[in-house]
Amino acid sequence: MTRSIAALYVRVSTSQQTVERQLRALHEYADRELPECEHIDVVDRATGTDTDREGYQHIMQSTDELDHVVVHEVSRLARSIADFDSTVEQLHDAGTSVHIVSEGLHLPADDTDPYSRALAQLLGVFAELDAAIIRDRVQQGLDVRLSDPEYHHGPAPLGYDKDDGRLVPTHEYPAVCRVLAAVESEDMTVTAAADTLDTSRKTIHRALQHPERYELDPEPPADPEHPHGWMLPP
């Protein structure tokens, strides 16, 4: 008897990031929720602002062979609500279910419950809004420091991609800022930060040497309750 197939789709935006954390979470989910399925890993190293990605295209061209597509979160699959809706529609038309691990959402191909689909669409809206905020920050001057000659010929720093020799923030940039702020306030260790951002301790230390790139205050104001001046957002 032919086993069902579940594609575990992972996307990271930069060459500095690793896929291990996402894959580990997807495999744990698939082992628990889809034990009868054969699991195949599909990895993209590309931004998610469009669907022109090799791994994504492979999935969409192999829908007849796939019973499930598992992603960590909506933004891994699509960065706009239009792309997300189109993707889910195509997968459902082919009889392929969609699983969003971080939100515990399962969108079966024959789903008749409007709540799950509406919630997934709402998550897509936030993913699209996040991408728009990043683009707006770039347009309003976040890239003032992106001509730093230190990175003209080297890899982009954490939370950034290169575009024609300039550095532009990736959609992970806000999360990077929050994690680095937590390290600065000693609410998180460098090791934990490296694990959270799928990078190395060396990369975290290098990023902290340039607080101006991550909206960090090099001299945080003192506060009686929080003397380090930073609080990790809830």
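The model is predicted, with local features needing pLDDT of at least 70 and side-chain atom pairs counting only at pLDDT 80 or more, while totals for chains, interfaces and linings use all residues. Residues are numbered from 1 along each chain as its sequence is written, and side-chain values use heavy atoms, with hydrogens and water left out. Helices (H or I, at least four residues) and strands (E, at least two) are DSSP runs, numbered from the N terminus.

**Aromatic pairs**

- The whole structure holds three aromatic pairs, where rings of Phe, Tyr and Trp (its six-membered ring) pair if their centres lie within 6.5 Å, and planes under 30 degrees apart count as stacked, over 60 as edge-to-face and the rest as tilted.
- Tyr-160 and Tyr-173 form an edge-to-face pair, because their ring centres are 5.5 Å apart and their planes stand at 65°.
- This pair links distant parts of the chain, since Tyr-160 belongs to strand E6 (residues 160-163) and Tyr-173 to helix H6, 13 residues apart.
- Tyr-160 has 1% relative accessibility and counts as buried, and Tyr-173 is buried with a relative accessible area of 0%; buried means under 20% relative accessible area, exposed over 50%, and partly exposed in between (1.4 Å probe, protein chains only).
- Tyr-160 also pairs edge-to-face with Tyr-214, at 6.0 Å centre to centre and 65° between the planes.

**Nonpolar cores**

- In soluble globular proteins, nonpolar side chains tend to be buried together.
- A nonpolar core is a set of buried Ala, Val, Leu, Ile, Met, Phe, Trp, Tyr and Cys residues joined through side-chain atoms within 4.5 Å.
- The largest nonpolar core has 20 residues, of which Leu-158, Leu-180, Ile-204 and Tyr-214 touch the most other members.
- The elements giving two or more residues to this core are H6, H7 and H8, and H6 gives the most, with seven residues.
- Tyr-214, which counts as buried at 1% relative accessibility, touches residues that include Pro-157, Leu-158, Val-176, Cys-177, Leu-180 and Ala-207, when residues up to four places away in sequence are not counted; contact here means heavy atoms within 4.5 Å.

**Contacts of charged and polar side chains**

- Arg-53 lies over the face of Tyr-56, at 4.9 Å from the ring centre, and a charge sits over a ring if NZ of Lys or CZ of Arg is within 6 Å of the ring centre and within 35 degrees of the ring normal.
- His-171, in the loop between strand E7 (166-169) and H6, counts as buried at 13% relative accessibility.
- The side chains of His-171 and Arg-76 are joined by a polar contact of 2.3 Å.
- A polar contact is a pair of N or O atoms within 3.5 Å; within protein, one must be able to donate a hydrogen and the other to accept it, and residues adjacent in sequence count only if both atoms are side-chain atoms.

**Positive phi angles**

- Most residues other than glycine have a negative phi.
- Glu-186 has a positive phi near 65°, lies in the loop between helix H6 (173-184) and helix H7 (190-196), and counts as exposed at 60% relative accessibility.
- Asp-198 has a positive phi near 55° and is found in the loop between H7 and helix H8 (201-208), where Asp-198 is buried with a relative accessible area of 8%.
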